[in-house]
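Work through the exercises below with the sequence and the coordinates open. Each task is followed by a solution in steps.

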Amino acid sequence: MTTWSLRRRPGRALGLVLLGFFTLLVLRRLDWSNLTRPWLRRRQLGLQAKDQNFMLEDSTFWIFGGSVHYFRVPKEYWRDRLLKMKACGLNTLTTYVPWNLHEPERGRFDFSGNLDLEAFVLTAAEIGLWVILRPGPYICSEIDLGGLPSWLLQDSGMRLRTTYKGFTNAVDLYFDHLMPRVVPLQYKHGGPIIAVQVENEYGSYNKDPTYMPYIKKALEDRGIEELLLTSDNKDGLSSGAVDGVLATINLQSQHDLQLLSTFLFTVQGARPKMVMEYWTGWFDSWGGTHNILDSSEVLKTVSAIIDAGSSINLYMFHGGTNFGFINGAMHYYDYKSHVTSYDYDAVLTEAGDYTAKYLQLRDFFGSISGTPLPPPPDPLPKTAYESVTPAFYLSLWDALKYMEAPINSEQPVNMENLPVNNGNGQSFGYTLYETTIASSGVLSAFVRDRGQVFVNTVSIGFLDYKRKEINIPLIQGYTTLRILVENCGRVNYGEIDNQRKGLIGNIYLNDSPLSKFRIYSLDMKKSFFQRFSFDEWNKVPEAPTFPAFFLGALSVALSPSDTFMKLEGWEKGVVFINGQNLGRYWNIGPQETLYLPGTWLDQGINQVIVFEEKMAGSVIQFTETPHLGRSRYIN
């Protein structure tokens with residue numbers, strides 16, 4: 001074979017140069033818009049609100065949506081949940097974006113693993129679902145501080161959800177990082193995102209008339225070009241509307257259906273109607289009951305909404321779990337923190353299993369879809385593993401010497417302002433405050449949210465929202481006073497500027513302020529337990545000293561399956577499996593089991609650590625079905 005080279009063919013080299021020159025002239029005269037990929041050329045208009053109809057390009061479009069939050073579902077199960085959504089006859093996924101999880105420290109962003117937003121959206125696209133994105137910055141969602149990072153509260157003058165400079169500067173930096181991830185996923189760029197929500201239920205907050213226009217502009221300036229929406233309940237609908245943004249409504253009862261016509265028409269005239277959140281159930285709070293909404297009632301209301309000519313989003317289609325410490329709280333008359341499960345009595349259970357709601361809604365959407373629905377995936381297997389008996393233990397007091405050096409402070413410091421986590425304070429978990437006292441008397445403090453009080457290592461009771469004083473018994477000489485304070489969850493809806501946690505202000509003994517504190521940040525991240533080598537653990541004694549960590553081993557012989565942990569005889573604490581924080585348990589209910597995803601288990605031996613505040617049971621049990629006050633699992 002002859003090998004040609006420019007060196008041996010000067011005439012050929014000159015020809016190539018001339019060819020390149022003429023090619024450049026031709027290309028400059030071409031209309032490049034005609035050279036884009038055909039499927040992108042068809043994506044020019046996107047989702048539009050025309051008169052009383054949604055239009056996707058030139059076709060009338062009904063939004064049949066369902067909410068699934070990627071941060072509440074193990075990444076390995078995203079496809080399963082979304083396939084079940086598609087098989088139910090829905091065409092659109094909606095999801096929030098939690099700022100507090102994506103930016104846990106100023107300027108440090110995390111979009112990996114379970115927080116891989118782009119992977120979640122692309123999975124929806126692969127399955128054939130459109131996406132409505134709800135990026136906040138505030139999202140409510142029954143998550144700590146409504147999804148806002150706690151480090152914002154380091155500013156004593158912070159005014160959240162306003163155009164206060166300290167807040168907007170932080171939002172701008174966050175959006176500068178988030179939106180470049182979102183823009184390529186928009187419909188007009190070839191992605192599945194057909195609409196983006198501007199903030200969340202701001203009409204119920206409504207503290208700054210310039211705030212919503214600022215958020216709208218912040219989105220548009222960073223390349224968001226799909227249809228913009230707002231979302232409000234009936235009380236906030238008129239105040240939450242923004243010029244150039246389609247208003248949608250949130251509701252649950254058929255009684256509220258008249259709002260679709262009256263309120264929405266009053267706010268924006270003849271525009272497409274959308275129930276952005278039809279609440280298929282409700283969240284639970286510790287000490288309350290498990291909320292249930294009958295499946296027949298759900299079917300009637302969904303049918304009535306669509307008969308009224310409205311699109312709909314099922315909130316929630318699948319709730320998932322408040323893994324770790326991410327749960328929020330409410331505080332109207334009394335403070336109530338949300339349970340670990342975000343089952344929500346939704347269309348799928350916390351573990352992604354089918355319910356009567358799913359079966360009835362699938363029949364309904366199938367009857368109006370015009371095409372056969374794909375078959376629902378098989379339920380994921382469940383296993384009731386053998387009980388685990390913790391063999392080792394370490395009291396909190398013995399564990400302190402293995403932790404980072406305490407913070408020394410003249411006065412108590414709230415969690416958010418502790419000099420930890422690269423100056424970003426503490427977001428979640430517990431904080432231990434220690435000082436020395438020399439007399440008995442009445443101890444009073446402003447504790448947020450729940451503080452267990454110890455004289456040396458003996459528990460003498462709790463301080464919280466209702467119990468603001470406690471009697472210190474007679475003591476001899478100098479004695480260590482300890483208060484273990486838990487952030488049970490920051491309020492996610494309503495007044496949120498005052499959600500600092502820990503000891504707030506001074507603590508008083510007989511009306512005299514105490515001083516000289518040693519403060520331990522017990523955030524219980526994965527790195528927290530890496531400080532405890534196996535040699536530090538002791539065998540469980542007959543009478544353990546509390547609070548304490550208990551260590552056991554769960555043996556999994558075959559391929560791991562989902563299961564539910566039952567801590568009968570235990571009182572209140574947190575469970576960790578192979579370093580994963582499953583969340584809190586508390587014997588006041590209504591939640592009686594913790595969901596343990598099989599994908600977080602290994603074949604073989606799995607580490608189980610339980611942090612118990614007050615009273616330990618002898619074993620940790622496992623069951624195939626959850627106990628949330630009432631089982632609704634369907635095989």
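**Exercise 1: a helix and its surroundings**

After H5 comes Gly128, which has a positive phi, near 100 degrees. The model used here and in the later exercises is a predicted one.

Task: Find which residues of helix H5 are buried, and which elements these buried residues pack against.

Solution.
- Step 1. Helix H5 spans residues 117–127.
- Step 2. Apply the cut-off for buried, under 20% relative accessible area. Leu117, Ala119, Phe120, Val121, Thr123, Ala124 and Ile127 are buried in H5.
- Step 3. List the packing partners of these buried residues. Among the strands are S4 (64–68), S5 (92–96), S6 (130–134) and S7 (193–197). The helices H3 (78–87) and H6 (165–182) also pack against them.

**Exercise 2: the largest pocket**

Task: State how much space lies in the largest pocket, and identify which element gives the most to its lining.

Solution.
- Step 1. The largest pocket holds about 1100 Å³ of space.
- Step 2. Its lining consists of 32 residues, of which Leu101, Asp110, Leu115, Ile326 and Lys525 are the closest to the centre.
- Step 3. At least two lining residues come from each of helix H4 (99–102), helix H13 (526–529) and strand S31 (580–586).
- Step 4. With three residues, H13 gives the most to the lining of the largest pocket.

**Exercise 3: a sheet of three strands**

Task: Give the order of the strands in the open sheet that contains S29, and explain why one side of S32 and of S34 has no neighbour in the sheet.

Solution.
- Step 1. The order is S32-S29-S34, and the pairing is antiparallel.
- Step 2. Strands S32 (593–596) and S34 (621–623) are at the edges and have a single partner strand each, so one side of each lacks a neighbour in the sheet.
- Step 3. On average, neighbouring strands in this sheet are turned by 35 degrees against each other, direction ignored.
- Step 4. Four bridges join S29 (residues 563–566) to S32 in the antiparallel sense. Met565 is placed opposite Leu594 of S32.

**Exercise 4: a loop residue and a record**

Task: Locate Glu568 and name which residues it touches, leaving out those up to four places away in sequence.

Solution.
- Step 1. Glu568 sits in the loop between S29 and strand S30 (572–577).
- Step 2. With that exclusion, Glu568 touches Gly617, Val619 and Gln621.
- Step 3. Glu568 and Asn587 are 19 residues apart along the chain, and 8.1 Å separates their C-alpha atoms.
- Step 4. Consult the record: an unreviewed UniProt entry lists residues 547–606 as "domain: Beta-galactosidase galactose-binding". Over residues 547–606 the model has 0% helix and 55% strand, with the end C-alpha atoms 23 Å apart.

Note on methods: Residues are numbered from 1 along each chain as its sequence is written. This is a predicted model: local features need pLDDT of at least 70, side-chain atom pairs count only at pLDDT 80 or more; totals for chains, interfaces and linings use all residues. Side-chain values use heavy atoms; hydrogens and water are left out. Two strands pair if DSSP finds at least two bridges between them. Axes are lines fitted to C-alpha atoms, for helices over the stretch in contact, and angles run from 0 to 180 degrees between N-to-C directions. UniProt positions are given in the numbering used here, feature names are shortened, and annotations may be inferred rather than shown by experiment. Buried means under 20% relative accessible area, exposed over 50%, partly exposed in between (1.4 Å probe, protein chains only). Contact means heavy atoms within 4.5 Å. On a 1 Å grid over the protein atoms alone, a cavity is a set of points where a 1.4 Å probe fits but cannot get out, and a pocket is an open set with protein on both sides within 12 Å along at least five of seven lines; lining residues have an atom within 4 Å of a point. Grid points are joined across faces, edges and corners, and a volume is the space filled by probe spheres set on the points.
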